[in-house]
Amino acid sequence: MPHPIRLLAFHGSLRRASLNGRLLELAAQEAERAGASVTRLALGELALPLYDPNLEEQEGFPSGAIQLKQAMATHDGFLVASPEHNACVTAVLKNSFDWASRALPGERRFASLAGRPAALLAASPGPLGGARSLTALRAILQELEVLAIPEQVVLPRAQAAFSPDGALLDERATAAVRRVVARLIEVATRLRATPPA
């Protein structure tokens, strides 16, 4: 019997009551209901320093960067929720991808990222739902050879989008999360079944 698809779920907010964290958790639960195995990773707990090539050259990789790269390398795909700061991704999310993109000695370029699919979600109190952050995130992921699926979830006015038990009040938003998760699992399954070139 094949092993379930393994997804790594993380978001780019350090806020304790993060709206993106709540949306990501719903996507992770949906993925688990669909048969995937999901690992939640809190980027803030990795204590990653700001990427600095001098630091990398003098001290090597910080332990948090190694932990992040190993987590990415051992999963079939990513669930990523991106808050929007100044029409772009947050510093913590960009910094995490900057560290993950660096190669350890003897490692090929983008080893922990390239060829893996990602599903993107965003929640925002604003009317655009964080869509601009996902545009920026797609550009970053394309450079890192991550396969961001076309489907995505944007949740506008997210501060009023959740019920007290954490569910989404709008069934259309819930259906959008289901579609995106199902598509990610489908793509990850196909990619895992495709022999490397």
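**Entry 1**

I began with Ala47, which lies in the loop between E2 and helix H2 (53-59). Helices (H or I, at least four residues) and strands (E, at least two) are DSSP runs, numbered from the N terminus. The model is predicted, so I noted that local features need pLDDT of at least 70, that side-chain atom pairs count only at pLDDT 80 or more, and that totals for chains, interfaces and linings use all residues. Residues are numbered from 1 along each chain as its sequence is written, and side-chain values use heavy atoms, with hydrogens and water left out.

I looked up phi of Ala47 and found a positive value near 50 degrees, in a residue other than glycine. Most residues other than glycine have a negative phi. Ala47 counts as exposed, because its relative accessibility is 62%; the cut-offs are under 20% relative accessible area for buried, over 50% for exposed, and partly exposed in between (1.4 Å probe, protein chains only).

I then turned to Arg157, in the loop between strand E5 (147-155) and helix H6 (171-193). Phi of Arg157 is also positive, near 45 degrees.

I took a salt bridge to be a side-chain nitrogen of Lys or Arg within 4 Å of a carboxyl oxygen of Asp or Glu. By this rule I recorded 15 salt bridges.

Glu25 and Arg40 meet through their side chains in a salt bridge, at 2.8 Å from N to O. This pair links distant parts of the chain, 15 residues apart: Glu25 is in helix H1 (residues 19-33) and Arg40 is in strand E2 (residues 37-40). With 29% relative accessibility, Glu25 is partly exposed; Arg40, at 38%, is partly exposed as well.

Arg40 also forms a salt bridge with Glu32, where the closest N and O atoms are 2.5 Å apart. I noted Glu32 as partly exposed, because its relative accessible area is 34%.

**Entry 1: Glu107 and Lys69**

What is the distance between the closest N and O atoms of Glu107 and Lys69? I found 2.8 Å, and the two residues form a salt bridge. Glu107 lies in the loop between helix H4 (91-100) and strand E4 (117-123), and Lys69 in helix H3 (residues 63-73), so the pair ties together parts that are 38 residues apart in sequence.

Is Lys69 buried or exposed? Lys69 counts as buried, because its relative accessibility is 3%, whereas Glu107 is partly exposed at 28%.
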